[in-house]
Amino acid sequence: MGTPDDDGRAPPVAQADPAGRIRHLLRVGQTRRARELAADLVAQNPEDPDALVGLAQVLVQIGEWQPALEAAVQACRLAPEDELAHHL
């Protein structure tokens, strides 16, 4: 348990938590899928700090620094107590 299936599906715990799924996809090298999921989550709820942090994490991973900074700053504005958003 805890390893992805051949199709890159995350373990059940990560599947239930979209931010956890994004982190899982990044860990297993599926950056494109992580970016798609993060972008979809932000599109569905642009005021969700967790979705914005997930998007920022993906963008940092792929070297898109300015959009990552913008997503992190927005997450900090929405959830100033969120330590992860402040440490991207």
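Helices (H or I, at least four residues) and strands (E, at least two) are DSSP runs, numbered from the N terminus. By that definition the chain has 6 helices and 0 strands. Read along the sequence, its pattern is α-α-α-α-α-α. This is a predicted model, in which local features need pLDDT of at least 70 and side-chain atom pairs count only at pLDDT 80 or more, while totals for chains, interfaces and linings use all residues. Residues are numbered from 1 along each chain as its sequence is written, and side-chain values use heavy atoms, with hydrogens and water left out.

Some values describe the chain as a whole. It has 88 residues, of which 38% count as buried; buried means under 20% relative accessible area, exposed means over 50%, and partly exposed lies in between (1.4 Å probe, protein chains only). The chain exposes about 5400 Å², and carbon and sulfur atoms supply 52% of this area. Accessible areas come from the Shrake-Rupley method with a 1.4 Å probe; for residues, only the protein chains shown count as cover. Contact means heavy atoms within 4.5 Å. Among contacts between residues at least 6 apart in sequence, 35% join residues at least 24 apart.

Next comes the way the helices pack. Two packed helices are described by the angle between their axes and the distance between the axes. Axes are lines fitted to C-alpha atoms, for helices over the stretch in contact, and angles run from 0 to 180 degrees between N-to-C directions. Angles under 35 degrees count as roughly parallel, over 145 as roughly antiparallel, 65 to 115 as roughly perpendicular and the rest as oblique. A crossing is left-handed if the near helix is turned anticlockwise from the far one by less than a right angle, and right-handed if clockwise.

Helix H4 (residues 49-61) packs with helix H2 (residues 18-27) at an angle of about 15°, and the two axes are 9 Å apart. H2 and H4 are therefore roughly parallel to each other, and their crossing is left-handed. On the H2 side the contact is made by Ile22, Arg23 and Leu26, and on the H4 side by Gly54, Gln57, Val58 and Gln61. These residues divide into 3 nonpolar, 3 polar and 1 charged. For such counts, Ala, Val, Leu, Ile, Met, Phe, Trp, Tyr, Cys and Pro are nonpolar, Asp, Glu, Lys and Arg are charged, and the others, Gly among them, are polar.

Is Gln57 buried or exposed? At 17% relative accessibility, Gln57 counts as buried. Not counting residues up to four places away in sequence, Gln57 touches Arg23, Leu26, Leu84 and Leu88.

H4 also packs with H3. The axes of H3 and H4 come within 9 Å and cross at roughly 150°. That makes H3 roughly antiparallel to H4, and the crossing is left-handed. From H3 the contact takes in Thr31, Ala34, Arg35, Ala38, Ala39, Leu41 and Val42, and from H4 it takes in Ala51, Leu52, Gly54, Leu55, Val58, Leu59 and Gln61. By class, there are 10 nonpolar, 3 polar and 1 charged residues in the contact of H3 with H4.

Leu41 belongs to helix H3 (residues 31-44). Leu41 is buried, with a relative accessible area of 17%. Leaving aside neighbours within four places in sequence, Leu41 is in contact with Pro18, Ile22 and Ala51. The C-alpha atoms of Leu41 and Ala19 are separated by 9.2 Å, although these residues are 22 residues apart along the chain.

The next partner of H4 is helix H5 (residues 65-78). H4 and H5 pack at an angle of about 160°, with their axes 8 Å apart. That makes H4 roughly antiparallel to H5, and H4 passes H5 in a left-handed crossing. Residues of H4 in this contact include Pro49, Leu52 and Val60, while those of H5 include Trp65, Ala68 and Leu78. The residues of the contact of H4 with H5 divide into 14 nonpolar, 1 polar and no charged.

Leu78, in helix H5, is partly exposed, with a relative accessible area of 31%. Apart from neighbours within four places in sequence, Leu78 is in contact with Pro46, Glu47, Asp48, Pro49 and Leu52. Val60, in helix H4, is partly exposed, with a relative accessible area of 31%. Val60 touches Trp65 and Ala68, not counting residues up to four places away in sequence.
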